[in-house]
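Hi,

Here is the structure I promised to pass on. Have a look at it first, and then read my notes below.

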Amino acid sequence: FIMAKQVEQLEKEKKELQERLKNQEKKIDYFERAKRLEEIPLIKTAYEEQRVHDMELWEQQEEERITTLQLEREKALEHKSRLSRMLEDRDLFEARLKASRRTVYEDKLKQFQERLAEERRNRLEERKKQRKEERRITYYREKEEEEQRLREEQMLK
């Protein structure tokens, strides 16, 4: 009987403990939900503030970028105007340089043409000599062959 009472007492304590844990869990859930409900508007306002801040920062950076581009453009125009004054000098320098290089080129071309003509004449002369020598050798060989043939005919007769 005492054992049964002890078991019953233990089960009762176990149920009470579970009930307390369940109540505590509900309280924690309620508290967390309440915290979230309180946080949502704060998060939204913080997000809006951050978005506005980011937009202002972007506009500021964009404005700085545009001003730097305008300054660079003005500098480029100043350089262009400064360099445009040198345009005539540059054209004159280029013309002189091209003229001097053209004369050098024409001189070298003339020398090359002369060497080419000389080489052609030399080769032509060489070929003439070679052909003349070949004709002479051929003539003497044919003459020798003719004489040989005549001697052979004489011997045969």
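On the scale used here, buried means under 20% relative accessible area, exposed means over 50%, and partly exposed is in between (1.4 Å probe, protein chains only). Before going further, please note that this is a predicted model, in which local features need pLDDT of at least 70 and side-chain atom pairs count only at pLDDT 80 or more, while totals for chains, interfaces and linings use all residues. Residues are numbered from 1 along each chain as its sequence is written, and side-chain values use heavy atoms, with hydrogens and water left out.

Back to Glu 32. What does Glu 32 pair with? Its partner in a salt bridge is Lys 35, with 3.2 Å between the closest N and O atoms. (A salt bridge here is a side-chain nitrogen of Lys or Arg within 4 Å of a carboxyl oxygen of Asp or Glu.) Both residues sit in helix H1 (residues 2-84), 3 residues apart, or about one turn of the helix. Lys 35 is partly exposed too, because its relative accessibility is 35%.

Helix H1 holds another pair of this kind. Arg 51 and Glu 48 form a salt bridge at 3.1 Å, N to O. Since they are 3 residues apart in helix H1, about one helical turn separates them. Arg 51 has 40% relative accessibility and so counts as partly exposed; Glu 48, at 35%, is partly exposed as well.

Asp 91 is partly exposed at 37% relative accessibility, and Arg 90 is partly exposed at 44%. In total, the structure holds 11 salt bridges.

Now the overall picture. The protein chain has 2 helices and 0 strands (both are DSSP runs numbered from the N terminus: helices are H or I with at least four residues, strands are E with at least two). The radius of gyration is 58 Å, well over the 15 Å that the globule rule gives for 157 residues, so the chain is more spread out than a compact globule. That radius is taken over C-alpha atoms, and the rule is 2.2 Å times the number of residues to the power 0.38. Along the principal axes, the C-alpha atoms fill a box of roughly 170 × 75 × 15 Å. Buried residues make up 0% of the 157 residues.

Val 104 belongs to helix H2 (residues 87-156) and is partly exposed, given its 44% relative accessibility. Its C-alpha atom is 86 Å from that of Ile 40, which is 64 residues away along the chain.

Finally, the record. An unreviewed UniProt entry lists residues 3-34 and 59-149 as "coiled-coil region"; its positions follow the numbering used here, feature names are shortened, and annotations may be inferred rather than shown by experiment. In the model, residues 3-34 are 100% helix and 0% strand, with end C-alpha atoms 46 Å apart. Residues 59-149 are 98% helix and 0% strand, and their end C-alpha atoms lie 116 Å apart.

Cheers
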